Amino acid sequence: MEILHVSAECYPVAKAGGLADVVGALPKYQNELGHYSKVVMPMHKTAFLHQHTWDLIHKGYFDLDGETTRYTIIKEKTNVLGFELYCVDVFGLLDREKIYGYADDNIRFLVFQRAVTDWLMHWESLPDVVHVHDYHAGLIPFFMKHGFDYQRLNKIKTVLTVHNAQYQGWMNWSNTKYFPVWDNWKAGLLEWNNQINPLASAVKCVDRVTTVSESYMKALFHQANGLEHLFAYESKKCLGIINGIDFKVWNPQTDDKIIFNYSEKNIAIGKQNNKENLCAQFGFDPSLPLIIFIGRLVGEKAADLLPESIRQALTKYPAQFNFLVLGNGESHIESELSHLQLNGYGYFNTQIAFNETLSHQMYAGADFLLMPSRVEPCGLNQLYALRYGTMPIVRRTGGLKDTVTDIGDKDGFGICFEQASVKDIVDSIGRAIHLYQNTSAMLSFRKKMMHINHSWENSAEKYIKIYQTIS
Ligand code: GLC
């Protein structure tokens, strides 16, 4: 089958979160299964763009509110990612350094979607499936099915994957001036709560909706930032498929970002060496358990609870553990964490940054990874941690619930808690400190974790089955 993935992010070209990791891996695994899967994304001005060579594939234009807007499609020459990668450039709008965070993001993603739809019209033979990811690509199914000028595309099957339903791309109706010609009668397919809602529109227009874990799928019927009734109404076409991870990128045996490579066979020494290196960088005593948090510092990830939880845990268990945070996000959380560090605790350190290399070193060198998320559609960090023999401490929600079993339960290998609260986090840190004293139990849990197979093969196959059922 021929599949075109449409996404705002793709690792290693441009990454803000887990969406990039999924779009950077799933197509590669689909190709390995014998399919023809490719990716189109905006041409963000990242290092990847300059480090690779590109072919100019197509030049096109469309009418945007009475003005001719020109776009170009370029393709990475060597398929270095294991699939064909196409980038869309619209001068002044898409050629920017950051992926998100501009005042005109709505227009930027609209123009991206217009260009992708227009480009598809020029394909000699059309793909079997257009697979859109999150709201940034959510209007494409509407354009393809209901745009007057795009009737050639209306038989192509479409799939939406919801990586995060919190963000929906809401915009007011005046933005329809940037749309292709369409019949006003179809306005209902764009609308939710009197606004244009690109995520809702995709849910209404696509043939199948997937999300990234079964538990998150169930959760969306009750809690979807306003769209719960829509998901419930469309439940027959909705399905949860747990994400995989790219075993080629996330492999402690071959990972060139970490200091010492290791496998299950030499895990004790491998982790110890990585830990010593990490502790030396951050002024920690390597004989204490090292707990880490990696991720966006936002309420969804319950990062706002970190400063108080760490403060209380340091008081309750003084000099018994180290804690390292890597991430950036809301400024009040960033400054509270920096404050905590300045207060001279000595057992806490933070890097307010997005740093892919350091994140690998942390998975390799840490003992525990904390994920207290309020909302977690899948979560990839706990899967990376497992692969590196680092025990996840997670709140039982979404994908975390589906992938981590508590050590107190049958076949368990992680620490789980119920509430996104300071109390539950502090108690779980206590459990981790206690467990760490038992070296042989820790070692056997580590081996067990590294054994778990969350590679993409299984899930990539499930997506193919979905495409086949709608074709
Ligand atoms: C989003 C979700 C995360 C998920 C990722 C990839 O970032 O918040 O839970 O793992 O998308 O699907």
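A polar backbone atom of G379 lies 2.8 Å from an oxygen atom of the ligand, within the cut-off for a polar contact (a pair of N or O atoms within 3.5 Å). The protein covers 94% of the 310 Å² of accessible area that the ligand has on its own; areas follow the Shrake-Rupley method with a 1.4 Å probe. The model is predicted: local features require pLDDT of at least 70, side-chain atom pairs count only at pLDDT 80 or more, and totals for chains, interfaces and linings use all residues. Residues are numbered from 1 along each chain as its sequence is written, and side-chain values use heavy atoms, without hydrogens and water.

Side chains also approach the ligand. An N or O atom in the side chain of N243 is 2.8 Å from a ligand oxygen atom. For the side chain of K301, the corresponding distance is 3.4 Å. The ligand is surrounded by 13 residues, the closest being H163, N243, E376, C378 and G379; a residue is near the ligand if one of its heavy atoms lies within 4 Å. This shell comprises 6 nonpolar, 5 polar and 2 charged residues, with Cys counted as nonpolar and Gly as polar.

Cysteine pairing was examined across the whole structure. The search finds 0 disulfides, defined as pairs of cysteine sulfur atoms within 2.5 Å. C10 is in no disulfide, and the nearest cysteine sulfur, that of C87, is 8.3 Å away. C10 is buried (under 20% relative accessible area), at 0%. The sulfur of C416 is too far for a bond, because the closest cysteine sulfur, in C378, is 15 Å away. C416 is also buried, at 7% relative accessibility.

Technical notes:
Buried means under 20% relative accessible area, exposed over 50%, partly exposed in between (1.4 Å probe, protein chains only). A polar contact is a pair of N or O atoms within 3.5 Å; within protein, one must be able to donate a hydrogen and the other to accept it, and residues adjacent in sequence count only if both atoms are side-chain atoms.
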